[in-house]
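This report covers the helix packing, the ligand shell and the backbone of a predicted model. The sequence and the structure come first.

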Amino acid sequence: MNECIEPGPAEAVDALEVQAGDPVIEVRHVGTVLGGVRIHKDLNLTVTAGEVLGIIGGSGSGKTTLLRLMLGLERPSEGEVLVFGQKLGKCEATDLARVRHRWGVLFQQGALFSALTVFDNIALPLRELKSLPKDLIAELVMTKLQQVGLKPEDGIKMPAELSGGMVKRVSLARSLIMDPQLLFLDEPTAGLDPASSKGFVQLIESLKREMALTVVMVTHDVDTLFAIADRVAVLADQHLIAHGPLEQVVNQPHPFIRNFFLGHAERCAADNLRSYRDALHHRDELAA
Ligand SMILES: Nc1ncnc2c1ncn2[C@@H]1O[C@H](COP(=O)(O)OP(=O)(O)OP(=O)(O)O)[C@@H](O)[C@H]1O
Ligand SMILES: [Mg+2]
């Protein structure tokens, strides 16, 4: 018996296609203790196919740790996490690879390898497969460069020659190179100026539609949630204190939530959100 990834229902293990609304990630009664310190208590959360889930919470509230649990990089002290119907456990690298190819990750400290060119950074996951011809790798990397709004000639640049926004785009291209169905983003706009941040969020939104991605995104940025989050989960006091559509979460009385959304309640109302997103979408179409 493989104790690393235990099969869920047989159909879930083999089904590579997920339909909108299917559960992609299930966090069930998860508790986490790291270095003797309790981080999470009884977390329950389902991420469904096609949605963008935003995770918010104060610094140190356990957002990155929750992502790491969903990636099988951390093991829960209690409860279980299922991704694509498979239970993540104490995994051998080879076992985890079976589901790992179905997701991409943009880590919070998602630095590029400074000694590799942009092209080589993006090509890395493909080269690790050791089975793809050089020409195909080149073609796939060029396609991804273009998809994230970079030029073919950016491929020869070194990371030190890139702006902050370009580094994020290259990291995003690398996380999408295997054409995943699920994308994890940890603070995708941290460190970007407002204009670059807006551009990057619009890029994520259009890639999400183009590639039919399910997205789990940790952010502290209200504008990012406002632009793309279908639902929001809030971590505080070791618990998920709220989760649901933005317009519902924003009105919860918990002090963290009140403080986080201070002055933003009106723009998070359902009608305002809809018209803002329609306008964003329309502008993308005009630009295309
Ligand atoms: N491997 C570890 N061993 C012990 N403690 C850890 C470990 N990883 C994280 N922690 C602790 O767990 C808590 C949650 O960390 P985590 O990185 O998940 O927070 P976060 O919500 O992502 O914070 P930030 O907003 O600053 O990124 C912190 O107190 C951190 O010090
Ligand atoms: Mg973090």
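## Contact of α6 with α7

In α6, the residues G164, G165, K168 and L176 meet S196, G199, F200 and L207 of α7. Two residues are in contact if their C-beta atoms, placed from the backbone, lie within 7 Å. The residues of this contact divide into three nonpolar, four polar and one charged. Here Ala, Val, Leu, Ile, Met, Phe, Trp, Tyr, Cys and Pro count as nonpolar, Asp, Glu, Lys and Arg as charged, and the others, Gly among them, as polar.

Two packed helices are described by the angle between their axes and the distance between the axes. For α6 and α7 (residues 194–211) the angle is about 15° and the axes are 10 Å apart. That makes α6 roughly parallel to α7. Axes are lines fitted to C-alpha atoms, for helices over the stretch in contact, and angles run from 0 to 180 degrees between N-to-C directions. Angles under 35 degrees count as roughly parallel, over 145 as roughly antiparallel, 65 to 115 as roughly perpendicular and the rest as oblique. The crossing of α6 with α7 is right-handed; a crossing is right-handed if the near helix is turned clockwise from the far one by less than a right angle, and left-handed if anticlockwise.

## Basis and overall make-up

The model is predicted: local features need pLDDT of at least 70, side-chain atom pairs count only at pLDDT 80 or more, and totals for chains, interfaces and linings use all residues. Residues are numbered from 1 along each chain as its sequence is written, while chains are lettered from A and ligands numbered from 1 in the order in which they are written.

The chain has 11 helices and 11 strands. Helices (H or I, at least four residues) and strands (E, at least two) are DSSP runs, numbered from the N terminus. Of the 288 residues in the chain, 34% are buried. A residue is buried if 20 or more other C-beta atoms lie within 10 Å of its own, exposed if 12 or fewer, and partly exposed in between, with C-beta atoms placed from the backbone. Among contacts in the chain with a separation of 6 or more, 68% join residues 24 or more positions apart.

## Contact of α4 with α6

Helix α6 (residues 164–176) also packs on helix α4 (residues 118–128): their axes come within 7 Å and cross at roughly 25°. The two helices are therefore roughly parallel to each other, and their crossing is right-handed. The residues of this contact divide into six nonpolar, one polar and one charged. On the α4 side they are V118, N121, I122, L124 and P125, and on the α6 side V170, A173 and R174.

## Burial along α4

The buried residues of α4 are V118, F119, N121, I122 and A123. What covers them includes α5 (134–147) and α6.

Leaving out residues up to four places away in sequence, L126 touches L132, I137, L140 and I177. L126 and L140 are 14 residues apart in sequence, with 9.0 Å between their C-alpha atoms. For D120 and V141, 21 residues apart along the chain, the C-alpha separation is 8.8 Å.

## Shell around ligand 1

There are 13 residues around ligand 1, and G35, S59, K63, T64 and T65 come nearest. A residue is near a molecule if its C-beta atom, placed from the backbone, lies within 6 Å of it. The elements that give two or more residues to this shell are β3 (37–48) and α2 (63–70). Helix α2 gives the most, with three residues. By type, the residues of the shell divide into three nonpolar, nine polar and one charged.

## Positive phi values

D42, in strand β3, has a positive phi of about 45° although it is not a glycine. D42 is partly exposed, with 13 other C-beta atoms within 10 Å.

D237 lies in the loop between β10 (231–236) and β11 (239–244). Phi of D237 is positive, near 55°, and the residue is other than glycine. With 12 other C-beta atoms within 10 Å, D237 is exposed. Just after α4, K130 takes a positive phi of about 60°.
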